[in-house]
Structures are given as C-alpha cells and as structure tokens.
Amino acid sequence: MFPALFLGYFLGSLPIAYWFGALRGRDLLREGSGNPGALNAYRVLGPVPGFLVLLLDLFKGILAVALGEGVAGSPLGGLAGGVGAVWGHAFSPWLLLKGGKGLAAGAGVLLAVDPRLLLLSLLLFATLFALFRRPYRAALAVALAQPFLASVLHPVPPYLLFGLGLGLPVALRHLKDWQR
C-alpha cells in the first residue's frame, strides 16, 4: 500500500493551478484567496484556465486511484493512491506544504472509487449550503462526513480509513475559512 500512497501523493502534489498562474506571470499563492486551486485560478486567471485546472485536478485524483490499483494489484491500492493524491494536493512539497483545498482532487478520487460517494457528497454539500449559505462550512462538514459516507456504502474497515484519510486534509484546509 505504501508505494500506492506515495505515488498518489506525488501525483497529487503537482501544483497545476500554480503552474498555470506562473505561465501567465501570476502568483496564485499571493493573489486572490492565496491558495493554488481551481477556484482561485478561475478568480485570478479567468474561466478557461480555471476550468482547465479543475479538469486536470479531477484527473489527478482519478489517475492516482488507477495507478494505485495497478501498483498494489488490488482495489485497496486505489484507495491508498486516492488518499495520497488529496494529501499531496493539499500539502504540496513543491509549494513548501501549501496547496489547494483538495476538493477537485478529492472529487476525482471519489468518482474513481465509487461515483455514489461523489453523489452523496455533492448532495450533502448542496443541502448544507442551501440551509446555511456558508460554502466553507458546508465543505468542512462534508469532509468530516467522509468516513461515515464511505462506511455507509462500504461497511468494511478499509473504507472507513479511506474516508478519514480523504476527509482530513480537506477539513484541515477548510478550518481557517470556517467562519465564511
């Protein structure tokens, strides 16, 4: 599992939004919300680069799951690769452990592991956002709910750990914004 986790971390750590900004002479760590993610790329660079970053971040998550399964030779490797990708996206060594919020990479992981997990997460986010009109709080709550959601659909310990490993970096990245 460790090679899959490491490979996922490396893949997730590639700072695509930051590179898009650098190509345009912009530093996404200093501009906009100060985080190199798809939403900040959209805000600072415009809709086309923002959409491309979103797609590439989703693809990072999907690819990490596929490569993790290939390296480990089992679906558990895919879970480890996906968890690694989200941790790498949120805490990139290329950006001195800064990174994105992990939502796009995490969505790609959920899509690859079980699309129903992504659907449940989106429904929970939409419900919480509709009730409270606080996107960062809704995202934080969905991140914290990942172990529960994964365990509901797959009631075995690896999926509980997967949900915890996936949700924790996203929650950590959203804690500073919970008042928004």
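User: Starting with terms: a polar contact is a pair of N or O atoms within 3.5 Å, one able to donate a hydrogen and the other to accept it, with sequence neighbours counted only if both atoms are side-chain atoms. What does the side chain of Lys 60 reach?

Analyst: The backbone oxygen of Leu 14, at 2.8 Å. Bear in mind that this is a predicted model, where local features need pLDDT of at least 70, side-chain atom pairs need 80 or more, and totals for chains, interfaces and linings use all residues. Numbering runs from 1 along each chain as its sequence is written, and side-chain values use heavy atoms, without hydrogens or water.

User: Is Lys 60 buried or exposed?

Analyst: Lys 60 has a relative accessible area of 4%, so it counts as buried (under 20%; exposed is over 50%, partly exposed in between, with a 1.4 Å probe and protein chains only). Its place is in helix H4, a helix being a DSSP run (H or I) of at least four residues.

User: What does Lys 60 touch, leaving out residues up to four places away?

Analyst: Leu 11, Gly 12, Leu 14, Ile 16, Ala 85 and His 89, with contact taken as heavy atoms within 4.5 Å.

User: Switching topic: which residues lie nearest the centre of the largest cavity?

Analyst: Leu 14, Pro 15, Pro 36, Lys 60 and His 89, out of 15 lining residues. A cavity is a set of 1 Å grid points where a 1.4 Å probe fits but cannot get out, and lining residues have an atom within 4 Å of a point.

User: Which helices each supply at least two of the lining residues?

Analyst: H1 (2-13), H2 (16-23), H4 (47-72) and H5 (75-90).

User: And what is the phi of Leu 96?

Analyst: Positive, about 55°, although Leu 96 is not a glycine. Leu 96 lies in the loop between H5 and H6 (103-113) and is exposed at 74% relative accessibility.

User: Where is Arg 133 found?

Analyst: In the loop between H7 (115-132) and H8 (135-153). Arg 133 has a positive phi near 55° and is exposed, at 57%.

Key
1 Å grid on protein atoms, 1.4 Å probe; cavity = no way out; pocket = protein on both sides within 12 Å on 5 of 7 lines; lining within 4 Å.
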